[in-house]
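Could you walk me through this model in the viewer, stop by stop? I'd like to know what to select next and what I'll find there.

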Amino acid sequence: MGSEDKRGLQTEDIGFAVLVVVISLAAAYLLAPYFGAVLWGVVAAIMFQPMTAKLATRMGGRRNLATSIVLFGLIALFVVPTILLGISIVNEATALYQKITSGQIDFGRILQQIQNALPRRVRGMVDEYGLTDFETIRRQFGSSITSGLQAVAGRALTLGQGALSFVAALGVMLYLSYFLLRDGERYGEMVRTSMPLHAETRDSLIENFLLVVRATMRGTVVVAVVQGLLGGILFSVLGIEGALIWGVLMGFFSLLPAVGTGIIWVPVAIYLFAAGDVMKAGIVVFCGVFIIGMVDNVLRPILVGRDTRLPDFVVLIATLSGLELFGLNGFIIGPVIAALFISVWNQHRDRREAKAAVAEGSPIPVQTEAGAAKAAEEAVAHPS
């Protein structure tokens, strides 16, 4: 009789576990249309919930008022500038696309100028390898650029048609952010106590996740924004066409190690030199190396805490894969998944070592909370 009850209990447990998985997958599918909005709402809460809690304490426990102040601050500092930046990029991409299609910007002429500025020996090598078919290069390279600009310019119509969806997603993000900022500690405790993991593993993973998100946002997004802003200002001062677009691209490429902002400003410097504007070319090179390039080395250790890092190849693959799978959201999802992957396997290794130590009668190494925090920060801080 006891064995039958035990079998029945096991069957019910398995059935309930399957039900939990199915309902969880259904909930994830339900949230999929607003995945980006939910993601950024959670990120905003992780970043600014501690600030909201401190502000509420100083205001005598008025959490609603403190949350409203923080949320309106986020709207003013991040949401509104991002919308205005998107509108400006679309307008500038449209103007640049029109200049390319009308012939005001001719890539064939630009490439010819660069070739003429090359040393004689280099030009001989270019001729030898048949790289002088500028018409073909112009068609291929120019069509790629114009297609990209046309896609960006087309976003104006897309945004107009999908304005309701955009407003709905923005509303979901802000609405979710409000409740997570106000009651984040309570919701966090509910998630923590619901996770089917051993207490020490669960707490360590949650701590690592929070630290990884915060370090990624501070050490990656802030650096990308600063580098893109400096690059855009530099190009604008020098009178380079499409300064805003190039600045945004520099910020984007700064997310990728071994690539960085140089993929934008180096070709521009080469073109300026070939066009005979040596002074502007020198300014671009100097600012690219000693101002834009040094931002990462100066800001990241301050924002993250110390100059430690994931291997560059891990960051590069995780970021590119994240962008491919999740769009712009992937630049945070990719590195976070990579850092948590390493963290999980490190915990697996520690658990095996602890079991081996128990079997041998040796003292068990204990990872403190400070050690976990340090490991998480080391896992996410990486150079661009």
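Start with the charged pairs: a search of the whole structure turns up 8 salt bridges, each being a Lys or Arg side-chain nitrogen within 4 Å of a carboxyl oxygen of Asp or Glu. Keep in mind that this is a predicted model, where local features need pLDDT of at least 70, side-chain atom pairs count only at pLDDT 80 or more, and totals for chains, interfaces and linings use all residues. Residues are numbered from 1 along each chain as its sequence is written, and side-chain values use heavy atoms, with hydrogens and water left out.

Select Glu200 and Arg351. Their closest N and O atoms are 3.8 Å apart, and they form a salt bridge. This pair links distant parts of the chain, 151 residues apart: Glu200 sits in helix α8 and Arg351 in helix α13 (residues 330-360). Helices here are DSSP runs (H or I, at least four residues), numbered from the N terminus. Glu200 is exposed at 53% relative accessible area, while Arg351 is partly exposed at 34%. The cut-offs are under 20% for buried, over 50% for exposed and partly exposed in between, with a 1.4 Å probe and protein chains only.

Next, pick Arg202 and Asp203, whose side chains meet in a salt bridge at 3.1 Å, N to O. Is Arg202 buried or exposed? Arg202 is buried, with 11% relative accessible area, whereas Asp203 is partly exposed at 33%.

Now jump to Arg349 and Asp350, another salt bridge, with the closest N and O atoms 3.4 Å apart. Both count as partly exposed, Arg349 at 43% and Asp350 at 28%.

On to the nonpolar inside. Show Leu234, Phe235, Ile240, Met250, Leu272 and Val284, which touch the most other members of the largest nonpolar core, a set of 17 residues. Such a core consists of buried Ala, Val, Leu, Ile, Met, Phe, Trp, Tyr and Cys residues joined through side-chain atoms within 4.5 Å. Which helix gives the most? That's α10, with 5 residues.

Centre on Met250. Ignoring neighbours within four places in sequence, Met250 has contacts (heavy atoms within 4.5 Å) with Gly228, Gly231, Gly232, Phe235, Thr261, Ile264, Trp265 and Ile292. There's also a second, separate core of 15 residues, including Ile46, Val212, Leu255 and Ile332.

For the surface, select Val285, Phe286, Val289, Phe290, Ile291, Met294, Val298 and Ile302. Together they form a nonpolar patch with about 730 Å² of accessible area. Patch members have over 30% relative accessible area and no salt bridge, and nonpolar side chains are joined within 5 Å; areas come from the Shrake-Rupley method with a 1.4 Å probe. Ile291, in helix α11, is partly exposed at 37%.

Last stop, the rings. The count is 7 aromatic pairs, meaning Phe, Tyr or Trp (six-membered ring) centres within 6.5 Å, with planes under 30 degrees apart stacked, over 60 edge-to-face and the rest tilted. Phe286 and Phe290 have ring centres 5.2 Å apart and planes at 40°, so they're tilted. They are 4 residues apart in α11, about one helical turn. Phe286 is partly exposed at 47% and Phe290 exposed at 53%. Finish on Tyr175, Tyr178 and Phe179, which ring pairs link into a cluster.

Methods: Helices (H or I, at least four residues) and strands (E, at least two) are DSSP runs, numbered from the N terminus. Patches are made of residues with over 30% relative accessible area and no salt bridge: like charges are joined within 9 Å, nonpolar side chains (Val, Leu, Ile, Met, Phe, Trp, Tyr) within 5 Å.
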